[in-house]
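Let's take a friendly walk through a protein model. Have a look at it first, and then we will go through some of its strands and helices together.

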Amino acid sequence: MTSLYEEISTPPAGDVPVRRVTINVNGQARTVDVEPRLLLAHLIRQGLKLTGTHTGCDTTNCGACTVLFDGRPIKSCTMFAVQADGHKVETVESLASASELHPIQEGFKEKHGLQCGFCTPGMMMAAKALLERNLNPTEDEIRWAISGNLCRCTGYQNIVKAILWAAEKMRAESK
Amino acid sequence: MYPSRFKYESPKTLADAIALLDSGAGETKVLAGGQSLVPMMKLRFAFPGTVVDINNIPDLNYHRFDSDGTLRIGALCRHEDLEHSDVIAKGQPTIAAAAPLVADPIVRTRGTFVGSLCHADPQGDWAAVMIALGGRVVVQGPKGKREIAMKDFVLGPFQTALEFNEIAIEAVIPAPAGQARGGYLKLERRVGDFATASVAVALEITGGKVVRAGIAMAGVGGKTIDARDAASSLVGQALTEANIATVAAAVAAVAEPRSDHRGSSDYKRQIIRTFVTRILTSIANSTKKAA
Amino acid sequence: MPLDEIKIGGMGASRRRVEDNRFIRGKGNYVDDIVLPDMLHMEILRSPVAHARIKSIDVSKAWDTPGVRLVLTGEMMAARNLAWMPTLSYDTQAVLATDKVRFQGQEVCAVIADDPYIAKDACAKIVVEYEILPAIVNPLQAADPASVLIRDDKENQPGNKVFDWEIGDKAGTDKAFAAADKISKIELHYPRTHPSPLECCGSIADYDRATGKLTVYMTSQAPHIVRAAVALVAELPEHQIRIVSPDIGGGFGNKVPIYPGYVISILASILTEKPVKWIEDKTGNLISTGFGRDVYLKGELALRKDGRILGVRMNTVSDHGAFFSDAQPSKFKIGLMHSAFACYDIPVAHMMSTGYYTNKAPGGVAYRCSFRVTEAMFFQERMVQAAADDLGMDQAEFRRINFVKDDEFPHRTAFGFLTDSGQYGKCLDIGLEAIGYKNFAKEKAEAASRGRLLGIGISTMTEPLGAGNSREYDILGIKMFDSAELRVHMSGKALLRTGAKSQGQGHETTWAQIVTHELGIPAEDIVVEEGDTDTAPFGMGTYASRSTPVAGAAVAMVARKIRAKARKIAAHLLEVSEEDIEWELGRFYVRSNQDRGVTIQECAMAAYSNMPDGMEPGLENNAYYDPPNLTWPFACYIAKVEIDPETGVWDVLQFVAVDDCGVRINPMIVEGQIMGGLTEAYAMANMQYITYDEEGNCIGANYMDFLLPTAWETPGFELYEVVTPCPHHPIGAKGVGECATVGGPAAFVNAVMDALKDKGVRNIDMPLMPNRVYEALTTGNDVYGMPPVRVGN
């Protein structure tokens, strides 16, 4: 058990309520004391130092903060860390194994699906969620599935190609 | 980006949740999907003293048709559950048409149908659907359950008939008298945009004739517009090009759009007219095909 | 066996990106990822109103908030001479407001606290009393002598005008117009929009009192310019300032200016003696940082009846917001607007340009604009469309007969630029073929039978990139060269540093490819670094598509210097004279005995262990490149759209892009830049803009109102390539980063206008939202978008 509250903010004097939560993050149980108002995205980035998940807007539009919550993609800026107590969170850092990249990561590199890299972690997690439900998506289905993730650099065309490439590789590997 | 401080409770039973609301003196807010509440708290437009998270209460995440055809949607049914549901696709076309158009696919994994009704955003998609379907909201408080017709549920922008110590636990769509037909069209400039205008159409058809018609609009007034009077002129008839045009014009006439940077009020009425025509025409064509 | 240049990652290879290795793992190093010990967090309180006198500021409750370390007001900044700072256009900009606020979102106070949540809490407790003044939201209001004066802080500023500027030959142009068979006119507004990279701006300022050194991690496309400016503004010695631009999540020109937040964070670090991190939120970014465009055009073309353009007249009025802070070559008040019409052979032209202050965020030169070339080319292609329509001529043929022909280079444009290369007609041919131009009438008729309106829009342009030559170009007096420093280690591996700063363009991948091309060292053996002013050679940064033309040239030049020294070493190793040495990729050999040779790696080793007598050891050098001229890529973009006349919604059926950016270092990356730029063009044409209401409230200060297209709306793009090498660039490259954003919007707009031609509509201002298209097609009237928008009945 690790208490990480101190890394997030100095405990203010007095009666600020704190809550102890245990969240399975990337396969590891993490226990933290948090203020209820702490956003899950901030716990991930500042508390747990997993800075691959990014924040890019303040109106739940851009999706740069997308992680998997019990296997489904969510915008981690729109959930309080306390809500994740007892749940499973996966971030971009969980995609690669010790020795291998995930086919989605390989696809993004192979097909030039990123430029500045800021939207990329959220985009890849949304792609992972899609491919877990549908390993043979059409281009339209891909564009629909990532329509909650904004990108300014690529124009999306290569992102779609990257996900198609990953799907093909994953289909081949599952045989 | 940073909400103000609040107390957080996550009750494990509905009774506990209601008790928390009851003792909260109106300073509590229920947290279900959070996709409307949390953004408002981050911008500090909402700052409840206590947030009551109902996500840990079991048996609230369901949607099902009863044997008599009544559709029940539980408080924690997520938008995407409806979007991907076979029974909805088969049995409730208005909901099936609207579900993919709510927010964006990531928001839809958390946001809830019932929560959206309680948020009562005048541009909300589900409120228009519920009005068109003649649905009801089941709420529960310390004194027990009651049902509120959707048309009485929303009192104004972001205001519902919920008492401070009540939670909405279910939405009910009455069993259709005939075959359920319907559609939903929304003019959004991009995925996740507010609706410039949207229309929900819910018909029930028996023997090629309309036995019930509900039409409602969002984005064209300070609240969801119920166009049931305009729609009622279809009852007893088969859909024809002529009566579709009449209804479309009548529905557009009861819209109350404001001119703004999304368009003039005339433009928004035009959208309504077009959407009603297209939905009804599509229903007419598929009814003919089936016949 | 000579090395295969593509295999070792040289020029022309679609080398997969080095940067990706960390980004796909979530191991990027953006400013907000950086944590320094004892770091504090800064939040800025912004003005809710557009124009007001500040009557009082009460920060007492903010100071009393536990966890707050410092609260800064304009008064405190003024006591340190930091309430105002110079801009890159020789104006001044408020850092924290003192007397007035002059745009909604302007910085008023700053709170520095232990964490950003507490900083925000404290900001919310600051009470500011405003006395509201009328807000000016467009240049007409600004020009009205009865309007309120915005910049009453300046001496000798009697009204709201920023500048008058003029270029060209008025007398000659007037003559040409007098002799014209027809004069074609158009008026339009290129609306305010915003680069809006996904990552917001931010800085971590760390002043070390013990050493006197200031380190600032920041989102900057031009760290050396920042160092120079900080030395000036903060009065700290330049050698004690280190600016580090780590990974940047998109720039597009938004991260060139020096924002108040950076300056305040620096002062806060000095005062608190701790590192201070400031990361703005999206609202702060959209409402206050460097926007793009907001220029009005009155354009006229003098035409001969056979379709030749005899003269161009342009009158532009630009809205600069509350402070004139454009980052552009100092000689040109409206950037390179006068590059308009460079691809057409026109004898004479005249432009007048006026700029105004308004109660809006400062800026204008940003968003992949190549210094207002986005405006220039949009205006050009809209004027060309109108002229072709007025003459009853085909859009493509009108352009073709006016193009500068392939054998007419070098060509002096009517506004004085010198273009040097291009195959404009060929690009147009490829585009027309790909879009099915010949068959379009049939397609249009078929769509009409379904009740849909089809249109084709063409946009052709050549644009000036690679600013620029030291004779004409400078920013704040600093000339616009760029630099590269190359160190080859004894094993033949290398380290390259440049004065550029990638924000996604892939320099770590592409600069190495240039070195590979020149030296034959495999690209994977070359590491590229940028962005740290302590280690990088001085450069003017990356924006305006200038890096391939200028920094890329410097890379080629420094590699050639290395090769020249290596040649001497090779001669020494092979025991022949230098004249007997030949070079092939990666290897020197004896001309008379080709089997006798040494690799570049062997030369590198020898530079440390077996030097010729009298030669300095080591194998490293640098190069500063002052470009002899701008480069001139050309593009032909063609869009085919379908309008639903009952709703005004339009879809892109097909989009063809033919780009000639000279030699392509990495084709995959070039295509990525083009697709990204076309998406931004689509965004501006379709949905993306910032506007204001009568009170100066900003509509477009968050992603609910400022619309970026998602993967669902964004069309697909078909890309084609023509290569006309740049005659003066060491590797023949021209640059491409902004071409699509420059040329793209007109293709979409011209297509919609083409579909509406029969309705008598000449212009719909961007964005062509469905309601605007519907209004135009039902009334036959033009639709303009000058703010304020009115909310009414």
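How many bridges join strand S11 of chain B to S12(B)? There are nine bridges between S11(B), residues 179-187, and S12(B), and the two strands run antiparallel.

## Before we go on

This is a predicted model, in which local features need pLDDT of at least 70 and side-chain atom pairs count only at pLDDT 80 or more, while totals for chains, interfaces and linings use all residues. Residues are numbered from 1 along each chain as its sequence is written, chains are lettered from A and ligands numbered from 1 in the order in which they are written, and side-chain values use heavy atoms, with hydrogens and water left out.

Helices (H or I, at least four residues) and strands (E, at least two) are DSSP runs, numbered from the N terminus. Two strands pair if DSSP finds at least two bridges between them.

## A strand with two partners

Strand S12 of chain B covers residues 197-206. You can follow B:Val201 as an example: B:Gly183 has B:Val201 as its bridge partner, and B:Val201 has B:Ile215 as its partner in S13(B).

Nine of the 10 residues of S12(B) are buried, so this strand is largely enclosed by the rest of the structure. Buried means under 20% relative accessible area, exposed over 50%, and partly exposed in between (1.4 Å probe, protein chains only). The hairpin of S12(B) and S13(B) has two residues between the strands, and B:Gly207 takes a positive phi near 55 degrees there.

## An open sheet in chain B

Five strands of chain B form an open sheet in the order S4-S5-S10-S6-S7, with antiparallel pairing. Its edge strands, S4 (63-65) and S7 (144-149), each pair on one side only. From one strand to the next, the twist averages 20 degrees. Three bridges join S4(B) to S5 (residues 71-74), and B:His63 stands opposite B:Ile73 in S5(B).

Two helices lie across S6 (136-141) and S10 (167-173) of chain B. Helix H1 (residues 14-22) runs at about 120 degrees to S10(B), and helix H7 (residues 125-133) runs at about 50 degrees to S10(B). Axes are lines fitted to C-alpha atoms, for helices over the stretch in contact, and angles run from 0 to 180 degrees between N-to-C directions.

## Helices that cross

In chain A, helix H3 (residues 103-110) and helix H6 (residues 157-174) pack at about 140 degrees, with axes 8 Å apart. H3(A) and H6(A) are therefore oblique to each other. Angles under 35 degrees count as roughly parallel, over 145 as roughly antiparallel, 65 to 115 as roughly perpendicular and the rest as oblique. The contact (heavy atoms within 4.5 Å) includes A:Phe108 of H3(A) and A:Trp165 of H6(A).

In chain C, the axes of helix H17 (residues 667-686) and helix H18 (residues 739-755) come within 8 Å and cross at roughly 45 degrees. That makes H17(C) oblique to H18(C). Among the residues that meet are C:Tyr682 in H17(C) and C:Phe748 in H18(C).
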